Amino acid sequence: MNKIENSPNGVLSQPEFSSATALSTAANYIMNAAEPFTHTYRTYIRLRENGRLTLKFWHSNAVDSTWDQGAEARGSEPGGEWSIEAAYIADGGAVPDGSIVPGSQVPVTFGGERSRKVEPGGQFWSDEATVELPEGHLLAFTWTLKTAGPGKSFPYNVEGMLVSGYDAPGTLAAQESAAGFSESDKLQVLPSFLGYKKMVEKKLVLLGDSITQGVRTAKDQYTHWAARIAEGLGTQYGVWNIGSGWGRAYDVATDGPWLHKAQQGDEVLIVLGVNDLDIGQRSADELLVDLEHIISRIKEARPEAAVILSTVPPFNFADERETHWRKVNECIRTSPPAGVDRVFDMAAVLSVPAPADHRIKPEYMSDEFDPHPNGAAGKAVAEAFLAWYGGCPSGS
């Protein structure tokens, strides 16, 4: 295996590659096993374009957002030591059933090698790989990972699965059939960035929590607002969704890998605050300070980048939490933090009429108890954003 080389500016150094999917592959958890193991993960992904595609992958071996209170995984926590034993891309067919179209497997290499040692906190690129993907077919990404020892190893996303995935013990990456694979449950194990060779007019990064990630929307349907915005903008816009379940602004404000991802955009849409106010128990002032810090760091890294700040979506807050939510959104609407170029009022799209506007419209809730926005909410937000985005001059 060749030794990993850290790449602190990895994504910026590959301008000819744009995000190939509206699926978020951010990590909010970390594998923690009592014994070392070898396991294979196969995930089916709808790409933004089909046909003959040249793909390339970038990975950050670190957790992006804190899970729950941070007992299991914390934002910016480096992953452990592990290795990629083998990785392949393939035509996953039109139906994600655990198998791939025979003869379509293409190996993914790293510096010409089929295996790769991954060190704690490391960042690295794969080599280019070309695949033929017929219209309507999904990309199947399969890799076998081997942990170096017991304890924490590779970061992944543990929120509700938005796309179909399968996993199996052992080294099955090269296998075409579904034999031995089981459907994954809350186990999305993918590279941090899935890119394809595509020069675009603008690269838009979507930075947020589970609402941006699309948690609770229908599996394999891409009905969350981030995916709908990507579809509406068209493929001349690169859209990288880095929404992460349980994510909060103070995770990004640690100046870690998640912020580094956000700094890659020509334009960055920030939709954070729900978890800061909720489980984070942050005050309005603390949240606003964290947002200002994030924005300043994006501008320092890329002074020409435009920052769009969204109001904090309604999440049925009550009492003191509602008071802080109202204060934050009033500030964002009337006097946003320094560095904000435009403000998108997502809360106005999702909220019931005042004075109960701290509550999400019931028809937009995932179920009667869960205020995560559903697919209908995703449609409403995307339509409002696209109308606003195209009709509002930059800087206003």
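Guide: Asp 68 is found in the loop between strand 4 and strand 5 (82-91). Helices (H or I, at least four residues) and strands (E, at least two) are DSSP runs, numbered from the N terminus. This is a predicted model, in which local features need pLDDT of at least 70 and side-chain atom pairs count only at pLDDT 80 or more, while totals for chains, interfaces and linings use all residues. Residues are numbered from 1 along each chain as its sequence is written, and side-chain values use heavy atoms, with hydrogens and water left out.

Visitor: What is the phi of Asp 68?

Guide: Phi of Asp 68 is near 55 degrees, which is positive although the residue is other than glycine. Asp 220 also has a positive phi, of about 65 degrees, and is not a glycine. Asp 220 lies in the loop between helix 1 and helix 2.

Visitor: Where does His 224 lie, and with which residues is it in contact?

Guide: His 224 lies in the loop between helix 1 (210-213) and helix 2 (225-233). At 4% relative accessibility, His 224 counts as buried. Contact means heavy atoms within 4.5 Å. Apart from its neighbours within four places in sequence, His 224 is in contact with Ala 22, Thr 212, Gln 213, Gly 214, Thr 217, Asn 241 and Gly 378.

Visitor: Which peptide bond is cis, with omega near 10 degrees?

Guide: The cis bond runs from Ala 354 to Pro 355. Pro 355 lies in the loop between helix 8 (346-350) and helix 9 (375-391).

Visitor: With which strands does strand 4 pair in the antiparallel sense?

Guide: Two strands pair if DSSP finds at least two bridges between them. Strand 4 (residues 51-60) pairs with strand 9 (residues 129-133) in the antiparallel sense over five bridges, and there Leu 53 has Val 131 as its bridge partner. Four bridges join strand 4 to strand 14 (residues 193-197), again antiparallel, with Tyr 196 as the partner of Leu 55. Three bridges join strand 4 to strand 8 (residues 123-125), also antiparallel, and Gln 123 is the partner of Ser 60. Strand 4 is mostly covered, with eight of its ten residues buried.

Visitor: In which directions do the residues of strand 16 point?

Guide: In a regular strand the side chains alternate between the two faces of the sheet. From strand 16, Tyr 237, Val 239 and Asn 241 point one way and Gly 238 and Trp 240 the other way. Five of the five residues of strand 16 are buried. Strand 16 pairs with strand 15 in the parallel sense over five bridges, and Val 205 stands opposite Trp 240.

Visitor: How many residues does the largest nonpolar core have?

Guide: In soluble globular proteins, nonpolar side chains tend to be buried together. A nonpolar core is a set of buried Ala, Val, Leu, Ile, Met, Phe, Trp, Tyr and Cys residues joined through side-chain atoms within 4.5 Å. The largest core here has 104 residues, and those with the most contacts inside it are Leu 207, Trp 225, Ile 270 and Ile 294. Leaving aside its neighbours within four places in sequence, Ile 294 is in contact with residues including Leu 207, Ala 249, Val 252 and Ile 270. A second, separate core of nine residues includes Tyr 44, Leu 138, Ala 140 and Leu 172.

Visitor: What volume does the largest pocket have, and which residues are the closest to its centre?

Guide: On a 1 Å grid over the protein atoms alone, a pocket is an open set of points where a 1.4 Å probe fits, with protein on both sides within 12 Å along at least five of seven lines; lining residues have an atom within 4 Å of a point. Grid points are joined across faces, edges and corners, and a volume is the space filled by probe spheres set on the points. The largest pocket has a volume of about 400 Å³. Of its 20 lining residues, the closest to its centre are Arg 46, Leu 47, Arg 48, Ala 227 and Glu 231.

Visitor: Which strand gives the most to the lining of the second largest pocket?

Guide: Strand 15 gives the most, with four residues. The second largest pocket holds about 250 Å³ of space.

Note on methods: Buried means under 20% relative accessible area, exposed over 50%, partly exposed in between (1.4 Å probe, protein chains only).
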